[in-house]
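Subject: the model, and what turned up in it

Hi,

Here is the model I promised to pass on. Have a look at it first, then read my notes below.

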Amino acid sequence: MNVVFLGPPGAGKGTQAKVIADEKGIAHVSTGDILREAVAKGTDLGKKAKAFMDSGALVPDDLVVAMVAERLSRADCRRGFILDGFPRTIAQAEALAKTLERSGRKLDCVGYFKVDDDQVVERLSGRRICRRCGANYHVTFMPPAVPGKCDKCGGELYQRDDDRAETIRERLRVYYRETADLVSFYGKRGLLFEVDASLSPSEVTETVRRTVCCAL
Ligand code: AP5
């Protein structure tokens, strides 16, 4: 099962990718997570990516394409993967097809998470993440039992720097300018499955199971 989750920032791609990847025993590959880790560790990639990420812009294609090709070559991707946050440009989508072809693989389907801009802003401005284990919460929609503390490991919850109001608006502009064309790109190839991502987290999981997973 080789799948892409596509959609605007805050659509719930990461939340659902974690659940489905666990259920299916396949890898969850989040380019945002890999890049944030590189920034935190101060690697060469992290140093190059930081300014783009802080402003809500996309990291240049060549950096991200090489990073994903390396990640997909690892053993845990052999049984399948969910790509969350990649591709984000037509050039990335074309590079992904070539990377997969070189290793005798192909993309099985693309789940397109559809949600409106007001919900994006509401979800991202309330998102909190555990510093220790990376678990994802929302102050209203998926609150932790104790405010500010992770239910799973007790770690401190923080707000991502790019989840501030002005950066969220820029990320949405970038999505419509650079990424939205991928909907028709994958639609024309018969790979696209639309998911109503405006529903509650458990309803969205059900929809993904019914549509994307059943299509495989
Ligand atoms: P990245 O981390 O990929 O950010 P994003 O695509 O903007 O996606 P998010 O992680 O913000 O949202 P999501 O859809 O995963 O939502 P989530 O499940 O967390 O990228 C960050 C940056 O890295 C980019 O801006 C760019 O600079 C760079 N980058 C990454 N990939 C790149 C690439 N391919 N090329 C170039 N640059 C790249 O949910 C959001 C919130 O809503 C959470 O609080 C959650 O609890 C809540 N929630 C989830 N589902 C629901 C629901 N159904 N109902 C109510 N609340 C919900």
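This is a predicted model: local features need pLDDT of at least 70, side-chain atom pairs count only at pLDDT 80 or more; totals for chains, interfaces and linings use all residues.

Residues are numbered from 1 along each chain as its sequence is written, and side-chain values use heavy atoms, with hydrogens and water left out.

**The ligand**

There are 36 residues around the ligand, and Thr15, Ala57, Arg88, Arg127 and Arg171 come nearest (a residue is near if one of its heavy atoms lies within 4 Å). By type, the shell splits into 17 nonpolar, eleven polar and eight charged residues.

Lys13 has a side-chain N or O atom 2.9 Å from an oxygen atom of the ligand. Gly12 uses a backbone N or O atom, 3.0 Å from a ligand oxygen. At Pro201, a polar backbone atom is 3.3 Å from a nitrogen atom of the ligand. On its own the ligand has 1,000 Å² of accessible area, and the protein covers 97% of that (Shrake-Rupley method, 1.4 Å probe).

Which elements give two or more residues to this shell? They are helices H1 (13-24), H2 (31-41), H6 (117-125) and H9 (201-213), plus strand E6 (136-138). H2 has the largest share, four residues. Helices here are DSSP runs of H or I with at least four residues, and strands are E runs of at least two, numbered from the N terminus.

**The second largest pocket**

This one has a volume of about 170 Å³, taken as the space filled by probe spheres set on the grid points. A pocket is an open set of points on a 1 Å grid over the protein atoms alone, where a 1.4 Å probe fits, with protein on both sides within 12 Å along at least five of seven lines; lining residues have an atom within 4 Å of a point. Its lining includes Leu96, Leu100, Arg105, Phe185 and Tyr186. Helices H5 (90-102) and H8 (182-188) each give two or more residues to it, and H5 gives the most, with five. The lining has eight nonpolar residues, no polar ones and four charged.

Three strands form an open sheet in the order E6-E5-E7, with antiparallel pairing (strands pair if DSSP finds at least two bridges between them). E6 and E7 (157-158) are at the edges with a single partner strand each, so one side of each has no neighbour in the sheet. E5 (residues 127-130) is joined to E6 by three bridges; Arg127 partners His138, and Ile129 is opposite Asn136. Five residues lie between the strands in the E5 and E6 hairpin, where Gly134 takes a positive phi near 80°. Two bridges join E5 to E7, with Cys130 opposite Leu157.

The bond from Phe86 to Pro87 is cis, with omega near 0°. Pro87 sits in the loop between strand E3 (81-84) and H5. Most peptide bonds are trans.

Cheers

Terms used. A polar contact is a pair of N or O atoms within 3.5 Å; within protein, one must be able to donate a hydrogen and the other to accept it, and residues adjacent in sequence count only if both atoms are side-chain atoms. Ala, Val, Leu, Ile, Met, Phe, Trp, Tyr, Cys and Pro count as nonpolar, Asp, Glu, Lys and Arg as charged, and the others, Gly among them, as polar.
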